[in-house]
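Here are my notes on this model, point by point. Please read them with the structure open.

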Amino acid sequence: MRRRTNVSTKKSLTKKNIRWFFWGFFLLGFGWLVWQWNAFFAGHSHLVPQEGGVYTEDIVGEFNNTNPLSESLGEFDKSLQRLIYAGLVEYSPVTEQFEPALATFRITNNGEKYTLTLKDSARFSNGDPVTMDDVAFTFKEVIQSPGFLSPLLKERFEYVTINILSDRVVEFVLPVANVSFLQALTTPILQKKQFAGASLKEILDAQYRANRSPVGAGPFRLKNIVHKPDGTSRVFLQRNPYYFKATPYLKDIVFEVSTRAKLPAENKSTACINCSKVQSDEAVVEQRAYELPRYVGLFFNTEGEWGQYQAVRNALQFGVDRTVLLEGNEGWNITNSPFASWGIYDEWLFSGQLGRRSLIDGGFKWDKEKQTRFYKGKPVVIKMLVSTQPPVFSRFAQQIQRQWQKHLGVEVDLQILEPELFLNAVATRSYDVVLTGVDFSDIFNPTAVWHSQQSGKLNLANLTNDGVDSLVREYQLFGSKSDLGLLHEKLRKLGVVLPLFTPKYTWFVAKELKGVSRNFKKLPKHSDRFFGVESWYLNEKKDWDIPANKTKLGMFFEFLFGTNS
């Protein structure tokens with residue numbers, strides 16, 4: 001009896017051992033397969049962007065209005081609007097071309113007719129489709145309204161006929177051809193129903209409900225604005241799931257807005273512009289230098305007491321040593337053309353000797369006894385204007401004053417005026433020379449300011465010249481770089497402007513932020529740095545890298561057994 005029990009126990013143990021062996025072998029084999037699968041995935045996968053993450057940026061500025069059609073907008077407002085709104089067309093700083101955005105476009109009649117068709121994917125951040133009612137509201141009811149005040153936008157569309165051809169197609173007919181009109185079509189589109197029943201004044205009012213909670217068709221939408229007691233603000237945006245290109249990878253964007261001239265070095269944000277980042281370690285932060293279509297220059301009044309003389313204008317240009325002006329004044333690059341941002345380059349010679357020769361040949365004689373120059377018995381005193389803001393402008397002007405007196409023997413009456421007085425003096429053209437900055441960010445045609453029609457307005461030289469007008473018209477019609485070069489040469493020969501410097505901008509971006517284009521160095525506006533923001537990402541994940549004619553399982557067996565079918 002006892003013997004039979006022992007035999008039964010041995011059989012039971014043997015079966016139990018077999019089961020343990022089987023399960024152990026199975027687990028070992030399964031573990032090996034998992035290990036092999038992970039190795040297979042590692043060898044047949046690649047990193048791809050993953051949704052999520054918060055982009056933060058420190059920026060100097062202040063919040064004024066979310067409405068992009070408002071007359072009073074600061075740099076931060078434009079950055080915010082670039083993310084919230086979208087236009088029918090957009091400018092790509094990568095291709096340096098205008099590209100379809102909410103609509104496709106076609107140009108006919110030699111540049112006089114622009115026909116645009118709304119895309120099916122064009123939607124506002126609340127999910128509503130962008131309609132022709134919204135397009136008509138933006139351009140016809142607001143911009144072309146008699147009471148609309150924004151001068152640049154008003155001028156762009158003042159004589160444009162807008163025809164709604166269908167519920168998807170709109171036509172803009174220009175009185176004359178203008179290749180720069182595509183830039184006008186980057187104007188952001190407002191949603192009409194958000195402003196139902198509102199007057200024009202209310203539509204543009206920063207406190208109006210639709211501007212406090214804006215609805216646009218851009219890649220992000222405004223979530224909240226928090227104003228702090230110290231005058232700074234935090235602005236929160238969240239991604240727009242209806243964005244016509246693609247839902248952005250970044251979940252949120254947060255702006256830390258400061259009114260201080262320089263941002264603190266200890267900031268921890270993803271990015272900042274022109275901040276004094278001590279932490280700009282190349283291993284962590286990448287510096288992106290870029291330029292805008294802006295420059296500071298000297299403009300010579302062709303109707304001024306002394307600026308009217310070509311010999312004086314030529315001499316004053318020869319008498320400026322720009323390299324000396326930059327000593328102790330960082331943050332500027334020398335520029336050699338009013339059209340440098342459009343690829344026109346040149347060299348300007350500093351030569352006191354040539355400057356004095358120009359004055360002598362023009363009859364402006366040096367009186368040794370009185371230590372000044374005279375013309376027809378009258379002492380020559382150049383009246384020069386400059387604003388107190390920004391302070392660097394007056395420093396430039398004071399140095400130029402000393403250079404002209406030293407190298408040319410010309411007396412200069414330099415008037416450094418508060419901004420309001422400066423603008424009044426410029427408006428009355430009570431100067432021979434004015435030192436000021438020019439910003440073409442919102443001006444479509446950089447040549448237009450030199451047309452005779454702008455004399456007394458944007459034309460600071462009060463220039464009226466048929467040859468210049470002809471070249472301006474040619475550029476408006478064809479947009480040829482060669483015409484721009486000819487205009488540059490004409491302006492230089494007339495001696496009406498001396499470009500000095502263009503400001504340098506640096507965008508500090510954390511290297512953890514990926515997908516940001518590295519191909520652009522010139523931007524029309526600061527806000528254009530957000531071009532392609534829907535492709536930016538902070539997080540990554542691995543995804544399969546399997547050819548279209550293969551399957552994962554089939555390739556896994558090939559991986560296991562070393563076959564290659």
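1. Start with helix α2. Its buried residues are Phe76, Asp77, Ser79, Leu80, Gln81, Arg82, Leu83 and Ile84. That is eight of the 10 residues in the helix, which spans 75-84, so α2 is largely enclosed by the rest of the structure. Bear in mind that this is a predicted model.

2. What do the buried residues of α2 pack against? The partners are strands: β2 (54-60), β3 (89-92), β9 (220-227), β10 (233-239) and β11 (252-258). Note that the buried set includes Asp77 and Arg82 as well as Leu80 and Leu83.

3. The contact between the domains draws 17 residues from domain 1 and 17 residues from domain 2.

4. Now Thr502. This residue lies in strand β22, residues 497-503. Is Thr502 buried or exposed? Thr502 counts as buried, because its relative accessibility is 6% and the cut-off for buried is under 20%. A polar atom of its side chain lies 2.7 Å from the backbone oxygen of Arg294. Beyond its neighbours within four places in sequence, Thr502 is in contact with Glu291, Leu292, Arg294, Tyr295, Gly331, Trp332, Asn333 and Thr335.

5. Gln191 deserves a look. Gln191 sits in the loop between α5 (181-184) and α6 (200-204). Despite the loop setting, Gln191 is buried, with a relative accessible area of 3%. Where does its side chain make polar contacts? One is with the side chain of Asn126, at 3.1 Å. Another, at 3.0 Å, joins the side chains of Gln191 and Gln194. Leaving out neighbours within four places in sequence, Gln191 is in contact with Phe124, Asn126, Asp128, Asp134 and Val215.

6. Most residues other than glycine have a negative phi, and most peptide bonds are trans. Glu96 is not a glycine, yet has a positive phi of about 55°. Glu96 lies in the loop between β3 and β4 (97-100). Glu96 is exposed, with a relative accessible area of 52%.

7. Asn109 also has a positive phi, of about 55°, and is not a glycine. Asn109 is placed in the loop between β5 (103-108) and β6 (113-118). At 46% relative accessibility, Asn109 counts as partly exposed.

8. From Gln389 to Pro390 the bond is cis, with omega near -5°. Pro390 is found in the loop between β19 (381-387) and α11 (391-407).

9. Last, the surface. Which residues form a nonpolar patch there? They are Phe22, Trp23, Phe26, Leu27, Phe30 and Val34, with about 650 Å² of accessible area together. Leu27 belongs to helix α1, residues 2-43. Leu27 is exposed, with a relative accessible area of 55%.

Terms used: Residues numbered from 1 in each chain as written. Predicted model: local features only at pLDDT ≥ 70, side-chain atom pairs only at ≥ 80, totals over all residues. Heavy atoms only, no water. Helix = DSSP H or I, 4+ residues; strand = E, 2+ residues; numbered from the N terminus. Buried < 20%, exposed > 50% of the residue type's maximum accessible area, 1.4 Å probe, protein only. Polar contact = N/O pair within 3.5 Å; in protein donor to acceptor, adjacent residues only side chain to side chain. Contact = heavy atoms within 4.5 Å. Patch = residues over 30% accessible without salt bridge, like charges linked within 9 Å, V, L, I, M, F, W, Y side chains within 5 Å. Areas by Shrake-Rupley, 256 points an atom, 1.4 Å probe, with all protein chains shown as cover. Salt bridge = Lys/Arg side-chain N within 4 Å of Asp/Glu carboxyl O.
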